[in-house]
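I opened the notebook to look up salt bridges. My notes follow the structure below.

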Amino acid sequence: MSSRRPFLATASSLQVTKRGLRWQLSSPCQDCSHRNRSRVSLRRRHAFQPQHILSSPFHYRDHRQHAASTLRCLASLSSAASPSKSQAATERQKDIRIARELLRHVWPALPARSDTDDDASTDRHHAIEMRRRVVASVGLMFAGKGVTIATPFLFKALVDTLPLFAASPPHDLPSSLLQPYSILPECLLTTSAILPANLPPLPLLLLLSYGTTRALTSAFQEYRNALFARVAQSAIRSVGRTTFDHVHELDMSFHLNRNTGTLGRIMERGNRSISFVLNALVFHSVPTVVEVTAVTGCMYWQFGGMHAATVLGTIGAYVGYTVGITQWRTQFRKDMNRSENEASGRLSDSLLNYETVKYFNNERHEGEVYEGTLRRYQDAALRAQSSLSLLNFGQNAIFTVGLTTIMFLTAQDVVAGNATVGDLVLVNGLLFQLSVPLNFIGSVYREVRQALVDMEAMFALRDTAPAFVDKEGAVEYDPARDGTEIEFDNLEFAYSTRRPSADSSKSVPEKEDVLSPRQILRKTTFTIPQGKTVAVVGSSGCGKSTLVRLLYRFYQPDGGSIRIGGRDISNYTTESIRKSIAIVPQDIVLFNDSIGYNIHYGDLNASWDEVVEAAKKAHLHDIIMKLPNGYDTLVGERGLKLSGGEKQRVSLARAILKNSPILLCDEPTSSLDSHTELEIMNNLKEVGKGTTCVIIAHRLSTIQDCDEIVVLEEGRVVERGSHDELMRLGGRYKQLLLFQRTHAVDVSDSSQ
């Protein structure tokens, strides 16, 4: 679009001129007979290219809405004109926030003294210890800097002194040459005192001092690292635990849309970067400025302004080049992380679905897909390495030019008699001394930027808010006080279907990826009386398992309410609700640990005898005792070493061990044979005595003696009553039961 030819839309005219942007609305308003004209101009100092072009007519109900919409369009266009500035500001805000969060762990707040609260006392003691370690580490760091700066001066003195003693006759040197060392004892300044090492005392002392300062520099640095390591590791543990807990607090929607491998890589890289960033913040930021100032001051005091200007010029060029190239390279690091997340997620997903891959002979396909993700990572890594080589070469070139220049100036002074050979060694040592902070600005700054990129994803994960949290004033649910009657009142719920995110590094798709919801429950209403066993049946997809998830507060209903003990469950704390409910889920996933641990997980405070008793009630004890390692037998990842029936029994044993007043069974016998199914159902009846029990079932033969049966169809309650009542009704329940009986007879005949 040319600035001289205005774009003509159906309802608008957009003119871009050298002086700014002019938007003219000239469409007829459908709600009035006259033409509605509105002019708005946006003046900008620089050229402006619109990002969006409107090509459909505007329809407004009144002029004010017309004008307001125009202003919103202009605001969005103007904000899109300079995205780089806003993006840079956002990046800086993220970096500052991460630095503040980490410094909070470096210098933790002191809790108030408490003689009764052991946790507060422990936290206070920990905070005091961390502060002491930080103070000691900073003191060692400054001591090391002082010793490091003194080292080149000792080397200069040694170089200037040795020729004097070598050229002097056996009598004493002239006092004018020894005046810089007048503070030393006289015996050290005479050439007649030759030690067994065939060196005069003064050169030997300077030589030993030089070696001592270098050793002290290393000792201070290593002792500092050892002291600060506990601070860094404490921060890693604290941030890692906080992030881990936060992920567990997120709602079911997040976990259904996340990628486990990607999420693991985000947390791993973020935790790994904490120690490096902390060391950079504490030991490199301010100390680098102090060291550069000290070295520049020494140059100015010893040699004059030209030398100091050369040092500052070198540092300025080095810093400007490094920061510019590093900012440019940041995108390459993000591309690497994105590709690595994708590869990690694909690897995790493929290995978790090992059996599915084998079922369909798709090993080659999986390998090709995984190689594709590795190829994208390789391309990003090559771009990052190429830009790193450019950065390193430029840094070395700038430093070499600065070093050569300052030594050239000093060599001129030596020739002119204004400096000694030792001064040439001194400027060389001091400038090389600056190579340490310059290396920070170069490599360490680069690594800090990469670490901040890695941590940015982890902190973004921590910023992910749960879909719902306990409301203010929520109370603890007490089954003995409130009762266990459960009411579903006009319940409505729909799952939001999402497109796969184009960016596989994202653990959750963006909001704009959400499509139209898939309605599951529609005005669902029924009551489960306290102490009764109620079965919920229906065809697949009618919302049976969704009821369990809503009751367990994995989701928030879109409409209606769920009440326990006459009070909406949103008025209770989520933890207290879940603590009072035991569940046998439809999909059973076990920890990669012993079978005893997986049963004990139902109640970690239970005794081992109670664990064994729960296994017996679930008819699992005899099976476990036949295993080589008994209760210590490992079940494998997700429990893959156990059969479906054995995993079902472990899940039953966990629910029995929890011994909650409300029991939810989502297909509790779906993986069991008929004989074992009958035993488990009889055992569930014993366990369910005195509890409020909800059984989700497909096999209607297992729930015929329940106190009440609720039949769902397309999210609505179509029938409810006892087995006999529903059979006499002759409705949907009878159809399902007769179909299952007929199907069972057909299967039996075919097998014969």
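I started with Arg 376 and Glu 342, whose side chains meet in a salt bridge with N to O at 2.5 Å. I used the term for a side-chain nitrogen of Lys or Arg within 4 Å of a carboxyl oxygen of Asp or Glu. This pair links distant parts of the chain, 34 residues apart: Arg 376 sits in helix 9 (residues 363-415) and Glu 342 in helix 7 (residues 305-352). Helices here are DSSP runs of H or I with at least four residues, strands are E runs of at least two, and both are numbered from the N terminus.

I noted that the model is predicted: local features need pLDDT of at least 70, side-chain atom pairs count only at pLDDT 80 or more, and totals for chains, interfaces and linings use all residues. Residues are numbered from 1 along each chain as its sequence is written, and side-chain values use heavy atoms, leaving out hydrogens and water.

Next I checked accessibility. Buried means under 20% relative accessible area, exposed over 50%, and partly exposed in between (1.4 Å probe, protein chains only). Arg 376 is partly exposed at 39%. Glu 342 is also partly exposed, at 22%.

Then I looked at Asp 482 and Arg 481, which form a salt bridge at 2.9 Å, N to O. Asp 482 is buried at 17%, whereas Arg 481 is exposed at 53%.

I moved on to Arg 732 and Glu 713, a salt bridge with its closest N and O atoms 3.1 Å apart. Arg 732 lies in helix 20 (residues 732-751) and Glu 713 in strand 13 (residues 708-713).

Last, I logged the total: 17 salt bridges.
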